[in-house]
Amino acid sequence: MTTQLLLVQALNGLQLGILLFLVAAGLTLVFGVMDFINLAHGVQYMLGAYLGAAFAAATGSFWWALLLALPAALAAGLLLEVLVFRHLYARDHLSQVLATFGVILFVNEGVKVVWGAAPLQVPVPALLEGGIEIMPGLQYPLYRVAVLAAGIATALGLWWLVERTRAGMLVRAGATNAPMVSALGVDIGRLFTLVFAFGAMLAGFAGVLAGPIFSVEPGMGDNVLILAFVVIVIGGIGSIRGAFVAALLVGLVDTLGKSLMPDLMRLFLDPSAARQAGAALASMLVYVAMAAILAFRPAGLFPVRTG
Amino acid sequence: MREAWLPLAVLLALGLAPLAGFGGSYETTLMARAMILAIAAVSLAFLVGGAGLVSLGHAATVGVGAYAVAILDAHGVTEAARVLPVAIGAAALFSLATGAIAIRTSGVHFIMITLAFGQMAFFTASSLAAYGGDDGYTLYSRTEVLGTRLLEDRLAFHYLCLGLLALTWAASAMLLASRFGRVLRAARENAQRVEAVGLAPYPFRLTGYVIAGAIGGLAGFLLANATEFVSPATLSWQRSGELLFMVILGGVGRLWGAILGALVFVVLETWLAQQMQHWKLVFGPMLILAVLFLRGGLAGVVARRHG
């Protein structure tokens with residue numbers, strides 16, 4: 001393991017973390033404000049990726065695809081909210097888990113019907129092709145750098161929106177004590193629809209960005225969803241800051257674990273056993289981290305709700 | 001218990017089915033699958049309905065039981081007197097280790113942490129290259145009972161599953177009605193009051209969690225023998241979601257609801273899959289509708305009729 005490889009893996013980890021943050025941001029706000037578990041949030045990410053791929057194929061331009069996919073993802077999110085989720089806010093978590101599980105089954109199968117079961121490839125936009133030299137003799141794909149930059153810019157924008165605007169203040173207040181905000185005369189239902197649609201769009205944005213890096217396939221949202229849940233649980237439910245820190249943590253732990261663990265295991269085991277055990281341990285690492293953090297801080301790293 | 005005529009009738013019908021012309025290989029395979037899933041669903045209903053612990057990782061206990069059969073099979077151990085205790089014990093041990101941490105949390109965090117532990121088990125199973133890895137493991141033969149190949153016999157296996165299902169239901173119901181079960185149910189309603197009375201809910205909940213896990217292991221033992229095949233898919237979180245759906249579909253308040261739920265689930269899934277390739281397009285919305293409109297589940301409908 002050279003320093004160069006380590007640097008590349010760390011960048012990849014940060015980039016996974018940024019994508020996870022975009023998915024987790026909507027999830028944690030929805031969860032924080034309305035106490036609503038939305039398993040179908042990963043589906044928004046997948047839809048974003050598919051819409052991006054479809055528009056890219058139709059228009060021949062990644063930029064047009066990005067521009068068109070965002071409102072389309074937003075519309076899909078609003079549609080699901082009106083049709084299904086709105087009727088679940090007053091129900092218990094168990095019902096929410098199951099109904100949104102039904103949404104996953106439907107949408108995963110739906111994209112198979114529309115786009116086929118085979119993975120789609122999205123070409124990297126011409127402007128961002130090639131690599132840049134991050135160290136003497138070490139190239140890193142330009143597109144991945146752009147994703148990193150776009151994600152950080154979005155995170156900053158989101159931070160400004162949540163911490164510095166009136167709408168953000170209401171969202172934070174809602175996450176701390178929703179009934180009180182409602183009693184003060186804020187239409188919490190409308191606030192929530194807003195938060196929800198925005199979260200859906202962010203997840204869709206992550207999906208479009210992920211298109212050229214990962215393959216676009218049915219069920220691609222499920223793994224991201226579970227990692228995003230790990231992120232918001234570690235970060236503290238309802239906390240954007242917590243989601244950001246936890247997303248980078250999870251992204252780094254997952255990516256570095258997958259590349260380092262097999263080598264680490266080789267110190268104790270023979271090569272083939274080390275590769276096996278290393279891969280298993282690496283996949284488990286984020287869950288181990290989550291269990292450990294929850295065991296000591298049951299409300300996550302940055303708890304929001306008090307009492 | 002007056003409305004318990006329905007599950008008794010269902011069990012009776014399952015008992016008579018092979019004699020009434022449904023003894024073919026296809027029918028018995030289908031019924032065995034339904035009964036085995038019903039065993040797992042009853043144990044989950046014990047947790048969810050009885051103790052109020054919504055686990056989204058129950059399929060992992062089934063998987064641990066199934067993998068115990070596969071791993072012993074690979075090492076030439078196929079005697080039920082040795083395999084069955086190992087399968088149940090391994091699942092109970094898994095539940096003890098994960099439950100000890102998970103039960104410290106509650107609500108959403110409990111759902112998420114059980115999901116995380118389920119994922120850990122899933123990735124562990126995927127990395128067991130010696131036992132098939134991602135592709136799964138095909139058993140050389142079914143487990144032997146005292147040296148005889150009893151389980152190869154279709155009818156014997158059918159009645160074994162049926163007997164164990166009835167036993168699981170009766171034992172779980174008796175357990176919930178006992179003093180132990182009363183504490184569990186009381187802690188579900190109001191943990192603080194239970195503490196005020198001088199009882200700590202934690203050991204009761206953990207014990208309940210381990211018992212449910214042990215029954216899950218039993219279901220896993222049967223499942224491995226029914227399909228003569230074990231794969232990581234048995235442990236996937238979608239399987240856990242399906243088990244929860246069976247419980248909800250049947251009705252959370254009653255243990256026997258889970259039996260109905262599992263049977264209806266398997267019949268529906270099999271029938272829809274025969275009708276069309278993309279059956280999940282129908283199944284997903286049905287799940288959503290069941291959650292939205294079928295409050296109290298099938299058992300609730302039956303109970304209201306006879307209320």
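**Two helices in chain B**

Tutor: In this predicted model, the axes of helix H3 (residues 58–74) of chain B and helix H5 (residues 108–126) of chain B come within 9 Å of each other and cross at roughly 30°.

Student: How are H3(B) and H5(B) oriented to each other, parallel or antiparallel?

Tutor: The angle is taken between N-to-C directions, and values under 35 degrees count as roughly parallel; H3(B) and H5(B) are therefore roughly parallel to each other. As for the hand of the crossing, H3(B) passes H5(B) in a left-handed sense.

Student: Which residues of H3(B) and H5(B) meet?

Tutor: From H3(B) come B:Ala59, B:Ala60, B:Gly63, B:Val64 and B:Tyr67, and they meet B:Phe117, B:Gly118, B:Ala121 and B:Ala125 of H5(B). Sorted by class, this contact has 7 nonpolar and 2 polar residues, with no charged ones.

Student: What does chain B contain in helices and strands, and how does its radius of gyration relate to the globule rule?

Tutor: Chain B has 13 helices and 2 strands. Its radius of gyration is 19 Å, close to the 19 Å that the globule rule gives for 307 residues, so chain B is as compact as a globular protein of that length. The C-alpha trace of chain B spans about 55 × 40 × 40 Å along its principal axes.

Student: What share of the residues in chain B is buried?

Tutor: Buried residues account for 51% of the 307 in chain B. Turning to contacts between residues at least 6 apart in sequence, 80% of those in chain B join residues at least 24 apart.

Methods. Residues numbered from 1 in each chain as written. Chains lettered and ligands numbered in written order. Predicted model: local features only at pLDDT ≥ 70, side-chain atom pairs only at ≥ 80, totals over all residues. Helix = DSSP H or I, 4+ residues; strand = E, 2+ residues; numbered from the N terminus. Rg over C-alpha atoms; globule rule 2.2 N^0.38 Å. Buried ≥ 20, exposed ≤ 12 C-beta atoms within 10 Å, placed from the backbone. Contact = placed C-beta atoms within 7 Å. Axes fitted to C-alpha atoms, helices over the stretch in contact; angles between N-to-C directions. Parallel < 35°, antiparallel > 145°, perpendicular 65-115°, else oblique. Left-handed = near helix turned anticlockwise from the far one by under 90°. Nonpolar A, V, L, I, M, F, W, Y, C, P; charged D, E, K, R; others polar.
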